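Hello,

Here is the structure you asked for. My notes on it follow below.

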Amino acid sequence: MKRFGAALLLFCCLAGCAPRQEAAHTVDFFAMDTFMTVTAYGAAAEQVAVACEQQVDALEPALSRTRTDSDLYRLNHAAGAVCTVHEDTYAAIEAAVQYAALTDGAFDPTMAALTDLWGIGTEAAHVPPQAAIDAARAQVDYHDIELLGDRQVRLHDGAQLDLGGIGKGYATDKVAPLAADGALLAQLGGNIGAFGVNPGREGGDWVIGIADPDDHASFIATVAVRDRSVVTSGDYERFFEQDGVRYHHIFDPATGYPAQTGLRSVTVIDPCSTRADALTTALFVMGLEEGLAFCAAQDVAAVFITADGQVVTSDAVETACAFTFLGADKGYRYVA
Ligand code: ADP
Ligand code: MG
């Protein structure tokens, strides 16, 4: 149900960008456990949109860890043996390790033991006993990934990979070149890629809404971008509540619990969707203060929405997009 909200959000984006002259073709599909919508414009619109769907479908076995026929499943169950994996699996793991190092482990792709234990987004979601959390947390350490080159990987000390925090970003980067010279708006769950010139808007930018965490159908801000990815991670996508506490799907590797840093969502605007995807997850774990310092040091364009009603932009937002704050009548305060 929550994920359906993302589809509605896209519909709003598209409605605001209706093409004036060029042919457009939209495909809606379900992949990577989420709703996706791709609209291509131009003479080859239909072929491009269909090719995007095929590209995402083709990536699924390379990035899924739950499909028993996937490379990640095989790697996670190899008991420390060297595995040769698909080139996309290898490239995504390589990128994930790079962002784990960059964020000092706030983003950590060896999250599978914790993800499985909590079961967030499944019928089995529950608060596990502390001893089980401690045991799962001990399995989380990206240093236990050994990349041997030539598509060969080995996992040490019981580490298990979960590329859920980067997979849709990786997929967005793979569909981007399919736009060729045409325009393309791809929404893969919370990952949006806006490529080429928007034929429906003067100036050619794409206006992407940043959702109100309490009402996905409305926006707290918009960003106008071109050839950028806009990625949001929030505590409202997958969660359950118990005793008044919200347990969501972004884990703090340091505690083994869903990150409680006073944030509702983080949006990153970046030319590279893989980077944006990894960094939204990491910034959510870091929290506002540490996150802003990270953005300043690494030149990251990010929009933070806090639980106490602030909307905060990092310095790089000014150059990455045209940002418009819309949250005043909902009680939000904008802090530039
Ligand atoms: P979404 O999948 O909703 O787009 P994210 O990109 O933030 O959201 O990814 C969340 C997913 O990433 C979780 O469902 C889990 O599979 C994985 N994950 C959770 N916490 C972390 C973390 N700290 N580092 C890396 N991956 C994580
Ligand atoms: Mg992410």
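To start with the ligand: an oxygen atom of ligand 1 has a polar side-chain atom of H249 at 2.9 Å. Please keep in mind that this is a predicted model. D277 also places a polar side-chain atom 2.9 Å from an oxygen atom of ligand 1. For S233, an N or O atom of the side chain is 2.6 Å from an oxygen atom of ligand 1. Taken alone, ligand 1 would expose 560 Å², and the protein buries 94% of that area. There are 17 residues around ligand 1, and those that come nearest are D108, D162, S233, H249 and F251.

Next, the sheets. One is an open sheet of 9 strands with mixed pairing, in the order β1-β2-β6-β7-β10-β13-β14-β15-β17. Its edge strands, each pairing on one side only, are β1 (24-31) and β17 (333-335). From one strand to the next, the twist averages 10°. At the β17 end, strand β15 (residues 310-313) runs parallel to β17 and is joined to it by 3 bridges. There, R333 in β17 stands opposite Q310.

Helix α7 (residues 167-175) packs on it and touches β2, β6, β7 (191-195) and β10 (228-234). The direction of α7 makes about 15° with that of β7. Helix α2 (residues 45-63) lies across β1, β2 and β6 (184-188), and runs at about 15° to β1.

Another open sheet has 3 strands in the order β3-β5-β4, and its pairing is antiparallel. Here the edge strands are β3 (83-84) and β4 (145-149), each of which pairs on one side only. Strand β5 (residues 152-155) pairs with β4 over 4 bridges in the antiparallel sense. E146 has R154, in β5, as its bridge partner. Helix α4 (residues 87-102) lies across β4 and β5, at about 130° to β4.

Last, the aromatic side chains. The count of aromatic pairs, taking ring centres within 6.5 Å, comes to 8. One of these is Y41 with W206, a tilted pair at 5.6 Å centre to centre and 45° between the planes. Y41 belongs to strand β2 (residues 34-41) and W206 to strand β8 (residues 206-212), so this pair ties together parts that lie 165 residues apart in sequence.

Regards

Methods. Residues are numbered from 1 along each chain as its sequence is written. Chains are lettered from A and ligands numbered from 1 in the order in which they are written. This is a predicted model: local features need pLDDT of at least 70, side-chain atom pairs count only at pLDDT 80 or more; totals for chains, interfaces and linings use all residues. Side-chain values use heavy atoms; hydrogens and water are left out. Two strands pair if DSSP finds at least two bridges between them. Helices (H or I, at least four residues) and strands (E, at least two) are DSSP runs, numbered from the N terminus. Contact means heavy atoms within 4.5 Å. Axes are lines fitted to C-alpha atoms, for helices over the stretch in contact, and angles run from 0 to 180 degrees between N-to-C directions. A residue is near a molecule or strand if one of its heavy atoms lies within 4 Å of it. A polar contact is a pair of N or O atoms within 3.5 Å; within protein, one must be able to donate a hydrogen and the other to accept it, and residues adjacent in sequence count only if both atoms are side-chain atoms. Accessible areas come from the Shrake-Rupley method with a 1.4 Å probe; for residues, only the protein chains shown count as cover. Rings of Phe, Tyr and Trp (its six-membered ring) pair if their centres lie within 6.5 Å; planes under 30 degrees apart count as stacked, over 60 as edge-to-face and the rest as tilted.
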